[in-house]
Amino acid sequence: MPRCIFHLDLDVFFVAVERVLDPSLVGKPVIVSPGTGRSVVAAASYEARRFGVRSAMPFAQAQRLCPQALVCPGNFSAYQKYSRDFFKILEHYSPDLEPVSLDEGYLDFTQCAALFGPPLSAAAVIQQRVKDELGLDVSIGIAANKLVAKIASDMSKPAGILRILPGRDAAFMAPMPIGRLLGVGPKTETDMKQLGIKTIGTLARLSRADMESVFGSQGASWQNWARGIDPSPVLPRERAKSIGREETFLIDRIDRKELRGVLQELASDVAYRLRGQGFKTRTVCLKVRYADFSLHTHSRTLAEPTHWDRDIFTASQELLEKALERRLSIRLLGISAHNLADERVQLDLLDSGQHERLDRLHTAADRLRKRYGYESVAWAGLIRKK
Ligand SMILES: [Mg+2]
């Protein structure tokens, strides 16, 4: 039976909350930004976007483009309250609910049609409730997997519902530019275009091996996605067993080198604790809170479960590149490992020679750490030994 996944995304969330609190803002160009010094635009209403204002743009530039815009400094505690109320409504419709950020989440509706009726009518009821109870518009995409549901909700904006029937995923995505795929940033998009890959449909027709040879394991994932294949589950936060660590900075940071350094430490720590508790992880998640308070998580599912520093660091580094595309400074960075498996599982699938070498290395490192403290072994040391 195909799955039925909803992606629900509140429209211009920060602006919409400001308008509930102050209805005189309705219909006018609105920018949410601290509006001081070198601050950036946290959100802009559709009316302001018409003048070219975009999220993450320097505030000064936004003001030049649309001087008549009304500026709200931002009210993070109100946004959090509305977010909590939004997810409380969604919880009613399925226990399998995965919040992605304050205003966006996935809901697995597969088992719930018996209680709430067919997906389209249930979505219409949810949309109406969010409007009546919170005064906010939500766009809903429905599909057989998370990837297509997210693209569908994006296309249904504002305040729409779009359902892609099972089996129509690939056809739905085929005419879209490849930049639509998660992880395909402007640079990769240019690289692909040079190879003649302009649309998702072209990508779908290429062989997995070719994509893998040019773009590595991520290339293989893109090729899968282009065919509408995305088996990643909707992971309810509280029930998901995970191991993670995060760090909040005293000063917001944007320097790539510095952030990578922090990431290296976090990755080592998470890997150390995975090994300590006898787990391997299949999914690495990067959590980023930007200077404008918005919270984003990016995740990457690995080909093989791992508990090695290097694997977790590599995956999170790729996710950091994605996060830096917003060009906002960052105030919190976190790595968590999800989809945990007992470490003895699937050993046979790995190249046993490589596995043994890495295992010996890490066992030795862990012994040193136990004896001389965590700081006694650094990640750079591991690279040199390799
Ligand atoms: Mg949104």
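**View 1. Three residues, Asp9, Leu10 and Asp103, coordinate the magnesium ion.** The model is predicted; local features need pLDDT of at least 70, side-chain atom pairs count only at pLDDT 80 or more, and totals for chains, interfaces and linings use all residues. Residues are numbered from 1 along each chain as its sequence is written, and side-chain values use heavy atoms, with hydrogens and water left out. Asp9 and Asp103 each give OD, while Leu10 gives O, at 2.2 to 2.4 Å. Donors are N, O and S atoms within 2.8 Å of the metal (3.2 Å for Na, K and Ca); water is not among the atoms, so sites may look incomplete. Along the chain, the donors of the magnesium ion follow the spacing D-L-x92-D. Asp9 lies in strand β1 (residues 5-10) and Asp103 in the loop between β5 (97-101) and β6 (104-108), so the pair ties together parts 94 residues apart in sequence. Helices (H or I, at least four residues) and strands (E, at least two) are DSSP runs, numbered from the N terminus. Asp9 is buried, at 7% relative accessible area. Asp103 is buried too, at 16%. Buried means under 20% relative accessible area (1.4 Å probe, protein chains only).

**View 2. Phe6 and Phe109 form a stacked aromatic pair.** The whole structure holds seven aromatic pairs. In this one, the centres are 4.8 Å apart and the planes 20° apart. Rings of Phe, Tyr and Trp (its six-membered ring) pair if their centres lie within 6.5 Å; planes under 30 degrees apart count as stacked, over 60 as edge-to-face and the rest as tilted. Phe6 lies in strand β1 and Phe109 in the loop between β6 and α5 (113-116), so the pair ties together parts 103 residues apart in sequence. Both Phe6 and Phe109 are buried.

**View 3. Phe86 and Phe87 form a tilted pair.** Their ring centres are 5.1 Å apart, with the planes at 55°. Phe86 and Phe87 are buried. Elsewhere, Phe13, Phe14 and Tyr79 form one aromatic cluster.

**View 4. The charged end of Lys146 sits over the ring of Tyr106.** It is 5.0 Å from the ring centre. A charge sits over a ring if NZ of Lys or CZ of Arg is within 6 Å of the ring centre and within 35 degrees of the ring normal. The charged end of Lys280 likewise sits over the ring of Trp308, 5.6 Å from its centre.

Terms used:
Buried means under 20% relative accessible area, exposed over 50%, partly exposed in between (1.4 Å probe, protein chains only).
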